[in-house]
Amino acid sequence: METLQDLLVEELKDIYSAEKQIVKALPKLVKGAESDALKQALSEHLEATKTQVTRLEEVFEVLEKKATAKHCKGMEGLLAEGSDLLEVEKSGLLRDLALIGACQRVEHYEVAAYGTARAMAENCGLDDAVALLAQTLEEEVLADTTLSAVAEDLYATLGAQTEGEEDRPMAASPAKANKAANKPKTTPAKSAAAGR
Ligand SMILES: [Fe+2]
């Protein structure tokens with residue numbers, strides 16, 4: 001590695017691997033999601049990601065390099081955290097919220113990676129590469145925003161469920177004791193979500 005352009009190629013190899021890993025991992029996450037809104041957001045992002053793989057191949061072409069992947073360990077770890085949730089947690093609202101957290105970590109990794117690659121391409125004067133990388137960067141930011149919106153809806157559903165439970169007449173006292181113990185924990189979480 002001797003020039004900035006060499007460094008850019010290394011970055012692209014990492015991102016190329018990351019995107020390909022995402023294409024492989026997303027179908028399982030779509031299947032594991034309970035809410036239709038999350039399923040839809042992840043399915044749409046799967047299609048967008050396939051396009052991003054092709055777009056990266058175009059960037060390699062601009063640089064007159066063969067498109068090659070260098071295994072991205074960071075993405076491997078992030079995706080493993082997501083799929084582990086499917087093994088460990090039972091399906092439902094809370095697992096969906098955990099999945100969104102895992103997917104947003106993935107998105108933020110990509111935003112950082114594409115931001116870096118775009119800056120490098122800019123400094124190499126590679127206008128065509130800059131345009132391609134900027135387009136994907138925009139899509140990654142959008143995917144992150146969409147996931148935040150889905151999470152907001154799930155927090156609202158969760159809040160409504162919790163309130164519904166509190167309104168119900170208490171049949172058994174142990175459950176009542178449990179709810180009383182849990183109450184202070186749910187309140188700060190709800191106000192934190194509302195404050196975002
Ligand atoms: Fe992507």
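**Close-up views of a helical model**

**View 1. The buried residues of helix α5.** In this predicted model, the residues of α5 that count as buried are Ala129, Val130, Leu132, Leu133, Thr136, Glu140, Ala143, Leu147, Val150, Ala151 and Leu154.

**View 2. Helix α5 from end to end.** Here is a sum you can follow yourself. Helix α5 covers residues 127-167, which is 41 residues, and at 1.5 Å a residue it should span 60 Å.

**View 3. The largest nonpolar core.** This core has 37 residues, and the members that touch the most other members are Ile15, Ala117 and Leu133. Two or more residues come from each of α1 (4-32), α2, α3 (73-88), α4 and α5. In soluble globular proteins, nonpolar side chains tend to be buried together.

**View 4. The surroundings of Ala117.** Which residues does Ala117 touch, leaving aside those up to four places away in sequence? They are Leu8, Glu11, Leu12, Ile15 and Leu133.

**View 5. Helices α3 and α4 side by side.** The axes of these two helices come within 9 Å and cross at roughly 170 degrees. An angle over 145 degrees counts as roughly antiparallel, so that is how α3 runs relative to α4. On the α3 side, the contact is made by Gly74, Met75, Leu78, Leu79, Glu81, Gly82 and Leu85. They meet Arg95, Ala98, Leu99, Ala102, Cys103, Arg105, Val106 and Tyr109 in α4. Sorted by type, the residues of this contact are 10 nonpolar, 2 polar and 3 charged.

Note on methods: Residues numbered from 1 in each chain as written. Predicted model: local features only at pLDDT ≥ 70, side-chain atom pairs only at ≥ 80, totals over all residues. Helix = DSSP H or I, 4+ residues; strand = E, 2+ residues; numbered from the N terminus. Expected span 1.5 Å × (residues − 1). Buried ≥ 20, exposed ≤ 12 C-beta atoms within 10 Å, placed from the backbone. Core = buried A, V, L, I, M, F, W, Y, C linked by C-beta atoms within 7 Å. Contact = placed C-beta atoms within 7 Å. Axes fitted to C-alpha atoms, helices over the stretch in contact; angles between N-to-C directions. Parallel < 35°, antiparallel > 145°, perpendicular 65-115°, else oblique. Nonpolar A, V, L, I, M, F, W, Y, C, P; charged D, E, K, R; others polar.
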